[in-house]
Amino acid sequence: MSQQSVKLHEPLVHLSKRDTIAPLKAWLIRLAAIVLGLVVCGLVAFVLIEKIQQKPEKIWDFYNAFIRGSFSTPRKLWKFLKNLSILLCIALGLTPAFRMRFWNIGGEGQTLVGVLGAIAVAFYAGDRLPSWALLTLMLLAALLAGAVWAVIPALFKAKWNTNETLFTLMMNYVATFLVSFFLEVWVTNGSGALPKLKQAKLPVVGGNDYLLIILVVLALDAALFVYMNFSKQGYEISVVGESVRTAQYVGINVRKVIIRTMILSGMLCGLTGYLIGAGLDQSITANSVGGQGFTAIMVAWLGKFNPIFMILTSGLIQLLNQGAAQISQDFNVSGALPEVIVGIILFFIIGSEFFINYQVHFRGCGKKTAKGGKAA
Amino acid sequence: MNIWLNFLIDSLAFGATFMYGSTGEILTEKAGHLNLGIPGIMCMGGAGGCLMLNLIGKSGLPPVLIVTAGILSALAMSMLMGLIYSFLTVTLRANQNVTGLALTTFGVGLMKVIMSKLDATVYLVGPKALYRWPFAGRQDSMQCLGVLFFLAIAVAIASSWVLYRTKVGLHLRAVGENPATADAVGINVSRYKYAATCIGSGIAGLGGFYYIIDYMASQEAYLSLEAFGWLSIALVIFALWRPHVTIIGSTVFGLLFSCSSYITNIDWIRVTMSTKPLLKMLPYVVTVLVLIISSIRNKRENQPPSSLGLSYFREDR
C-alpha cells in the first residue's frame, strides 16, 4: 500500500434508485406535493389578482372559490362529472399505447376525427335514417375515424421505426385543419359555425343529459382495467413496453401488437369523439376537443397508466380547472387562469415523482430520506 | 412579379418566428431533451418582453435602451421557463413529454393573463421603427425585415457552427446521442443539458417576442402564438436537426402558411374558401412526409438524437 493518503471527494448529495416504496408512503409524497402546489397556486393567484385589481383579497377566499367551482350547485357537480368523464375517456384511450411505451400524443387529433366522423354521418344521412340507425352509424364512423388516425403512425412505427411522438403530434394539426376544411364545405353562409344537428342526439338517460356519458365511461374504465391486467393481450402490451427484445424472444409478434394496440387506442379516442359529438355538442368546431387530448396525456401519466387511479387524477385536473374558472369569474381576471393553476400543480406532482423513484442521501447524514415534493 | 417578391419577403419575415423557435428546440433536442414546452416558452418570452416594454415604455429613457431591455427581459423570462424544465427533467429526471406539456399549459395560460392586462398602445407604438432598422420607413415589402430578423438568421448559423464545428458542440451532441459514454469521457452531462436547454429556451423566447412586437405588431398577436410554437417543433424535423437548414425550412413553412392569403390575389389561380384550410395543413403534412422519408432512408446523420426523450441516471445500466 502506498503511503500517500488519497483524499476522497464526497459529493454533497448522493442519489440512489429505490427498489420499492410502500404505496402509502408514495401516496403521502404525492399528497404533500399537491398540498404544497395548492399553497403556491393560492399565492400566485393572490399576487396576480392583487396586481390586477389593486385591492387585496383574503387568501382564504381563493380556496373557498376553488371548492365552490365544482360543488356549490347540482349543475356544477354534474358538469364536473361530465368533464371528468370526457377527459378520463381520452386518457383511457391513450393508456394501452403508453403501457407499450408508444408515446401517442395524438389523442387530440384522434378524438377530433372521431367527432368529425360522427358529425359527418349526421350531416349527410341525418334526415334519411331512423334515430337508432343514425346513432349506430355515427358510432361506427367515429370508431373507424379514430382507428385510422391512430393506425397510420403505428404502421410506420412498426415497419420503419418512425418516431411516433412527433408523428402523432403532427396528426393533431392535420385533423384540426381537416375539420376547418369540412366546415368550409358544409357551412355555406359564411358564418363558419355548423348549426346543431338535432337528430344526432343521444337519448337522455335517468333525467340528466350527462348521466349516459358518465356511465359509459365508467363501464369502459372497468373494462380497460380488466383488459390491461387480466387478459393475454394486455400482458403482451406490457411485455412489449418493458422490452421489445424480450417480447421477440418469447415469440410475441411485436409489429402486430403495436398495430393492434394503436387501433384500440384510436377507437377509444374515436369513441370519446362520439360522446362529444352525439352526446354533447351535436356540432363541430376545430376546437371541439379544446386541448383535452393533451391534458389527457398528463392524466394518464399521473395515474400511472392505471384506469382506477386515472379517475382520481382526472378528477383532480377538473377540480383545478373549474375551481380556477370560478376564481377568475369571481375576481374578474383573465379566463386563462385555470391553465396557470393546472400548470403549477402539475410541476409539483411531476417533481414529486422523483422523490418516489429516488432516494436522496446527504453527505455525513448516513441514510436520510428527503421528504416532500419540491419543484421549481 | 412584384406580388411574388412581396410574398417571398413576407414569408421570410414570418418564418423568422419559427427560425427562433426551432433553433432553440434543436439545441435542446441535441442534448437529448424533447422539449414540448416550446410553445409555452415562446409565449412567455413574448409576454416577458412586452411586460418590460410596458413598465418602462413611458419612462423617457432613450428608445434604444428600452428596446434592449425588452429583448433582455424576453430572454430572461424564457430562460427562466427553460430552467423550470431542466430542473424537472435533468435534476428530477421527470418524464420529458409530460413536463413539456405542463410547461406549455402553464406558459400559454400565464401569457394570456399577463397580456390581457397590458396596454398595447405602450408596448407596440414606440419600438417598431427601431426593430425595422435599417429598412424602417420604406414603402416596399423590405420594410418587414429588421434587426430581429437578421438576428434570427445569425443565431441559426451560429448554432450550426457551434454544434458541428466546435468541441463544445461535439460534446453536446455526444450527450444527446449517448450520455453514459459522454459521462465516461468526463463531460459534465447535467451541465450541458442545463446549458443547452436554457440557451435554447432563450432563443425560442425571442421568437415569441419577435412575433408579437415586430412581425404582427398587433394587440391580438399573442392569441395566435401558441400554434406557431407547435409549428416550430415540426420545423425541427423538417430541418433534420440542423439549425442552418431552418432558414430554408422556415421560409418554406412561411410560404406554405401564408400562400392561402396570397393566392387569392392571383387571377389565374382559382381558389375557393374551402382550399384555405388544406393549404394551411400543408406544413404539417410535409413534416410528416419528411419524418417518414428520413426514417425509411435510415441514414444515421438524419435521425433524431438517439437518447432523445430519455432521462439519464448515472447508476442505471
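Leaving aside neighbours within four places in sequence, B:Cys198 is in contact with B:Met79, B:Gly82, B:Leu83 and B:Ser86 in this predicted model. B:Cys198 itself belongs to helix H10 of chain B, which covers residues 189-216. This cysteine counts as buried because 21 C-beta neighbours lie inside 10 Å, where 20 or more are needed. Between B:Cys198 and B:Asn54 there are 25 Å in space, C-alpha to C-alpha, and the two are 144 residues apart in sequence.

Confidence in the model was considered next. The scores are ipTM 0.88 and pTM 0.88. For chain B the mean pLDDT is 87, with 92% of the residues at 70 or more. Within chain B, helix H8 (residues 167-177) has the highest confidence, at 94, and helix H6 (residues 128-131) the lowest, at a mean of 69. Where pLDDT is low, predicted coordinates should not be read in detail.

The contact between the two chains takes 45 residues from chain A and 44 residues from chain B. On the side of chain B that touches chain A, two or more residues come from each of helix H3 (63-91), helix H4 (96-117), helix H11 (225-238) and helix H13 (275-297) of chain B. Among these, H4(B) gives the most, with 14 residues. By residue class, this side of chain B consists of 29 nonpolar, 10 polar and five charged residues.

Helix H4(B) can also be described on its own. Its 22 residues reach 32 Å from the first C-alpha to the last, close to the 32 Å expected at 1.5 Å a residue. H4(B) is mostly covered, with 20 of the 22 residues buried.

Chain A contains 13 helices and two strands. Two domains are assigned in chain A: domain 1 is made up of 16-57 and 331-376, and domain 2 of 70-313. The centres of these two domains of chain A, taken over C-alpha atoms, are separated by 30 Å. Along the principal axes, the C-alpha atoms of chain A fill a box of roughly 95 × 65 × 40 Å. Chain A has 376 residues, of which 48% count as buried. Among the contacts in chain A with a separation of 6 or more, 77% are between residues 24 or more positions apart.

Individual residues of chain A were then examined. A:Leu215 is part of helix H7 (residues 211-230) of chain A. A:Leu215 is 68 residues from A:Ala147 in sequence and 23 Å from A:Ala147 in space, C-alpha to C-alpha.

A positive phi value in a residue other than glycine is found at A:Phe305, where the angle is near 55 degrees. A:Phe305 is located in the loop between helix H11 (292-302) and helix H12 (307-330) of chain A.

How values were computed. Residues numbered from 1 in each chain as written. Chains lettered and ligands numbered in written order. Predicted model: local features only at pLDDT ≥ 70, side-chain atom pairs only at ≥ 80, totals over all residues. Contact = placed C-beta atoms within 7 Å. Helix = DSSP H or I, 4+ residues; strand = E, 2+ residues; numbered from the N terminus. Nonpolar A, V, L, I, M, F, W, Y, C, P; charged D, E, K, R; others polar. pLDDT = per-residue confidence, 0-100. Domains from an automatic or database assignment. Buried ≥ 20, exposed ≤ 12 C-beta atoms within 10 Å, placed from the backbone. Expected span 1.5 Å × (residues − 1).
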